[in-house]
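Subject: Structure handover

Hi,

Here is the structure for you to look over. My notes on it follow below.

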Amino acid sequence: MVAISRAALGFTALLLLAGGIVMTFFIVLSGSHIGQPPSQVYFLQADTAGISNANDRYHNPARWTYLSICGVTNGLNSMCGPTRAAQSFDPARNFGSTTGVPEQFIGTRKFYYLSRFAWSFYIVALFFAVLAFFLGFLALCTRLGAYLTGMMATLALFFQTLTAALMTAWTVQGRNAFRSNNQSAHLGVKAYAFTWATMACYLLATILFCLGGRVSKEENKYSKGTGTSYFGRKKSTRSTRSRGSFIDSESQRRVKDEYE
């Protein structure tokens, strides 16, 4: 029963890790021209009609995805610009103009660093999650495997939490900056859902892997064989046998006396 519970915990944790990994891939492939569902994922959409003297990558409205800045067609990312690793959120530099750009984005590198670190941590968290997934098969049968996988899952959770916090910071502040300049803007629902749901998956997976290690420890404490004690040592039958022999001898002596 204990072994089945350990396997069930490990298998459930693996499913959670797999779910988080898939959702992260949807995010990091957004803006890559490969179709749905990544074409539905974006971090921030803003009305950029007031921006002028911009370069050829100008879109209205504009969507910031993981790999590029895209336009919108039928609710999907379209006309995406050149793809690049960790596309930064920095409107003045993204569009090559400061005309019509909210003043909060001018003369500062805050949004650049917030977005770049957030995107970098997506990859770091994904790396540890994939590593934990493959190590997770050891968690199905060994206590050491469960704890080792739990450690990898903890690292994935740590970096995913940083990612979620940084992504939320720059997108919310960016949306507010556009709105303060009378330009409509809203957050990407799917990017938020995938990011925070992935963090929840990693959290639950970490807990389950650690519980799997604990279950294995309890299994070692209690032996499944008969005639064993709480601490795994066989119960002594020596005293019982001696006592039984004494009782038998007394009974035989009394019967002999009666017949004499």
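Contact here means heavy atoms within 4.5 Å. This is a predicted model: local features need pLDDT of at least 70, side-chain atom pairs count only at pLDDT 80 or more, and totals for chains, interfaces and linings use all residues. Residues are numbered from 1 along each chain as its sequence is written, and side-chain values use heavy atoms, without hydrogens and water.

Start at Phe43. Leaving aside residues up to four places away in sequence, Phe43 touches Ile27, Trp64, Thr65, Tyr66, Trp119, Tyr122, Met167, Trp170, Thr171, Leu187, Gly188 and Ala191.

Phe43 also belongs to the largest nonpolar core, which has 58 residues. Such a core is a set of buried Ala, Val, Leu, Ile, Met, Phe, Trp, Tyr and Cys residues joined through side-chain atoms within 4.5 Å. Buried means under 20% relative accessible area, exposed over 50%, and partly exposed in between (1.4 Å probe, protein chains only). Phe43, Trp64, Phe89 and Trp170 touch the most other members. Elements giving two or more residues to this core include α1 (2-28), α3 (110-139), α4 (143-180) and α5 (189-221). α3 gives the most, with 12 residues. Helices (H or I, at least four residues) and strands (E, at least two) are DSSP runs, numbered from the N terminus.

Next, the aromatics. Rings of Phe, Tyr and Trp (its six-membered ring) pair if their centres lie within 6.5 Å; planes under 30 degrees apart count as stacked, over 60 as edge-to-face and the rest as tilted. The whole structure has 23 aromatic pairs. Phe89 and Phe111 are edge-to-face, because their ring centres are 5.8 Å apart and their planes stand at 75°. Phe89 sits in the loop between β4 (76-78) and α2 and Phe111 in helix α3, so the pair ties together parts 22 residues apart in sequence. Both Phe89 and Phe111 are buried. Phe133 and Phe134 also pair edge-to-face, at 5.6 Å centre to centre and 80° between the planes. Phe133 is partly exposed at 21% relative accessible area; Phe134 is exposed at 57%. One aromatic cluster includes Phe43, Trp64, Phe89, Phe111 and Trp170.

Last, charges. A salt bridge is a side-chain nitrogen of Lys or Arg within 4 Å of a carboxyl oxygen of Asp or Glu. The count comes to 1. Arg93 and Asp90 form a salt bridge at 2.7 Å, N to O. Arg93 is partly exposed, with a relative accessible area of 45%. Asp90 is buried, at 3%.

Best wishes
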